[in-house]
Each structure stands twice: as C-alpha cells, then as structure tokens.
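Please examine the sequence and the three-dimensional structure shown here before reading on.

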Amino acid sequence: MPNKRKVVLRVNGRQHEVALDPNVSLLQALRDLGHTDVKNGCEIGECGACAVLLNGKAVNSCMVLAWQADGAEVVTNAGLGTMDKPHVIQEAFADAGAVQCGYCTPGMVISAKALLDRNPDPSEAEIREAISGNLCRCTGYGQIIEAVQLASRRLREGPAASLTGERAAPCGALTQEGDSPRLPGSTEQRARRGGDRR
Amino acid sequence: MSLPQFEVLQPATLGEALKILSEVKGAEPIAGGTNLIVDMRAGTHRPKVVVDVAALRDLHGIEVTGPEVVIGAATTIAEMLESPILMKHAPVLVLACSSFANALIRNRATVGGNLVTAAPCSDTAPALLTLDAEVKLASVRGTRRVPLDRYLVSAFSTVRRSDELLVSVRFPVPSATAAAAFRKMGLRKVSCMAKVDVAVMLDADAAGRCTSARIAIAAASPIAVRARAAEAALIGKPITPEAIAAAASLTAKAAAPRAGSEYKLSVVQGLARRLLAEAARALARGGTNA
C-alpha cells in the first residue's frame, strides 16, 4: 500500500490538515470533510457538478487529486455565501428560478463566479460558453443564463437591478435549450422567433 | 468510485524528474491529469508511480526566444488562450485552444499532456502542425527536438520513450503576413470532442502568389496529419477559387477515417475549402491571421 500523504487544504477560509492516499480526489476529500455542497456527478470531468475554485480558477474537483491541491485555496459554492447571507450570484439563481433539482447549481454558481470575476458584463454567448462544462439535466438552461445576467447586472448596478424591460421575463421564457449553447441572438430575439427549436 | 492505488513522487527539479523516469519502472508523468485521471478511473491505464511535473519551472512559460515561440509543456490551455504572445504570433493556436473542451478542463489540461496523450482528436495538434512545431524531449541521456509530424505516430502513440519528458513545444515565429484559420466540428458547438478539426495557414507574395501553405487535419485519421499534397498544389500559384477547390479535394485524400465515418471526408473537404478561402481573403486584406 502506498504511504498516506499529509495534505493541507484551505477550504472556504478554513484550514484542514489530512492524511490521504495518493489516489483520493479533491472531490472525495472535500466531501469527506463535510463539504457536501460539492456534488459528485460523473467523476470523469463531463458534468461540472463538482466544480470548485482552486486558487481562483474553476476546475472539476473530480479531476484533481487531493495532493495536487496541497496548500491551495479552495472555494466551494457554500464558501461564496450562506443561507443567511447569500452571494449575489446565489440570490440571482433563486430569483430567476434557475434552481430545479439543484444538483448542478453549486457547480453552475462556481462557473458563473469564475466568469463574472473575469468579465463583469458578459454577452449571452459568453455565458453559454462559460457554463458549457456544467450539465443541467433538468434542462433549465434558460433560467440559469438569466440568473447569470441578473447577477452581472446586480453586481454592476446594485441589488435593485432587474432583468425586466428589454429582456425576456426571468422565468419560463426559455425551456427548450437542450445542450446547444451559443445560439445566436439575444433571449428576446429568440423569444420573438418563438423558442429555440432550430 | 475510487481510483486504483499508486505512488506519487514530486521531484523539485527537471533533473530529478528525469532521473526518476529513467530509474523507476512504470513511472509516468502527470501534469493536469485530465486524461490520466479519467483513464486510471476507467482502469485502462494503471501506472504504479506517477511523477508530478506540474510545478517544474522548466515546463512553464510562453516566450519568444530569438526566432522561436516556446511554450512550456505544463502550460495550461487556459494560459495559452490568454497569452498576448500567442494572440500576436499564433492566433490559429488560440482558436484551437478556445475550442478545447470547456473552461473547467482548460484550467487543468496542458499542451504537453495533450501531445503526450496523442488522441486522434487533439485540438492543439493540428494548429501546431500548421505552425511547423517541434517538441523537445528530455531524458538523462540528453535532449532531442522532433518535428511534431514525426513525433505523432498513430492514435495514442508517439516516438516519446518512457524515460523521456516532453519539456516544451516550439515553432518558428510565423511570417507577419501569413493568414490562418481553424475550425472544429463536433456534436455540440462547444465542450465536445472533435469529429473533425481543420487548420490552415497561408502566405503570399506581393503579386498574390502563394509562398507558403500548411494544412492540417485531426480526428479524421488515426492521428493529426499535414495534407502535404494539398499544400504542394497551392505553393507558387495564385490562390484562386479553383486552386482552393483542388487543394480542398487533396486535403480530403490525406484523411483516413474509420469505417463508418466516411462522412468525414466530405467534412474535411468542405472545411478545408472554407478555411482556405477565409485565409485567402485575410491575405488579400493584408491582415494577418484568422
């Protein structure tokens, strides 16, 4: 048997020192430490449910071995905000109706955070590209995209900002997205065309 | 589901890493791990010892060294995507990187890993082939530089020996007037594996005669390849629609898709025609690249 390795994980600001076999993934280590907001979906880097920020960069934690994250700063969805004090992105997900079963949500929020950190005012195409590594099998992509747009606007204009006006209504406007990101046109243009079936 | 057990060695220097690769039987390098971890989980790959090369300084950085652009093997796809040097000198590679998997994977996957894995659908390989790239392989026996098209042998097979580490990939700084284009076709618009990749790079003299043509394809043959006959057909002649159509048809002849995937021949031909026309238009505008 290989020797266990001492690994220091700094998760959501708290330091953990653990002894782990070399084959333990960051995903497994985080969940064993109680960070069950990091979801175990596919374990092959396809679904993004296990996404976390590793030194500020969004990664699939199933594709990182825990020792590769030794000493690194890890932020999970729960590290961004809590039920009492949610992050603007999390609140926007709730307000836009972007949470259905909720399994993809922590990973979606992490990908949204990584996007908005780099690009505070992304286009719809940029949002679709940024969340393309996160699968929502409820297929609620329309609301998720609107949640990111709402969060972007609130982060730039303050908490009172909304998506009303020239935008489509936050909920229910788009429900036929399947997994084809980067459709041309704004949500409004597509709504006028009568949906997303191409 | 857990991974099989293995040992980890974390050398502090390139020299130490090469020593381990030469002395420890079955030791394999790991950088981002986006291929290795998946293969280990699936049980298709079972190294007893993995050698962590991600932090080795010699494997990092993107720089122009004299006449060459040099990219450290452990450079992530995301880092390449954000590199002003590559944006200026090799937009074809930046385009390939932008089509690579998705943001989560791009933050871990490395160019060296992509070339060591040598999957038929590698996105970096066709772009690097049009840049006339070489890889630098190092071992305790010394280093050697191998042109990428000789390095890539077949699906998941390269000339790298088990004691060698891919240290960097490098290519001559392309002509400032060259124009390039890249297109990936997959089952989705983003976050997918390539069904066909085509990359092209053209250059012409003041009279509009083609002085350099490089065309590469991936996922349409066991490994990414240059379409040399198509290139030869273009060089020295004006880049007319007829010349482009003939070169596109020769590009399809360089493809060798698996049985059942013959449709890729038409895709290669169509993409090659479109991309060559795009590059020719960019050349006519006097603009560079993509």
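The model is a predicted one. In chain B, twelve helices and 14 strands are present. The radius of gyration of this chain is 19 Å, close to the 19 Å that the globule rule gives for 290 residues, so chain B is as compact as a globular protein of that length. Along the principal axes, its C-alpha atoms fill a box of roughly 60 × 45 × 30 Å. Of the 290 residues in chain B, 54% are buried. Among the contacts in chain B with a separation of 6 or more, 64% join residues 24 or more positions apart.

Chain A contributes 30 residues to its contact with chain B, and chain B contributes 24 residues. On the side of chain A, the elements that give two or more residues are strand S4 (57-60), helix H4 (105-118) and helix H5 (124-130). The largest share, four residues, comes from S4(A). By class, this side of chain A comprises 14 nonpolar, nine polar and seven charged residues.

Helix H4(A) also packs against another helix of chain A, H6(A), which spans residues 141-157. The two axes come within 11 Å and cross at roughly 40°; H4(A) and H6(A) are therefore oblique to each other. Their crossing is right-handed. From H4(A), the contact involves Met108(A), Ala112(A) and Leu116(A), while H6(A) supplies Ile144(A), Val148(A), Ala151(A), Ser152(A) and Leu155(A). In this contact of H4(A) with H6(A), seven residues are nonpolar, one is polar and none is charged.

Notes. Residues numbered from 1 in each chain as written. Chains lettered and ligands numbered in written order. Predicted model: local features only at pLDDT ≥ 70, side-chain atom pairs only at ≥ 80, totals over all residues. Contact = placed C-beta atoms within 7 Å. Nonpolar A, V, L, I, M, F, W, Y, C, P; charged D, E, K, R; others polar. Axes fitted to C-alpha atoms, helices over the stretch in contact; angles between N-to-C directions. Parallel < 35°, antiparallel > 145°, perpendicular 65-115°, else oblique. Left-handed = near helix turned anticlockwise from the far one by under 90°. Rg over C-alpha atoms; globule rule 2.2 N^0.38 Å. Buried ≥ 20, exposed ≤ 12 C-beta atoms within 10 Å, placed from the backbone.
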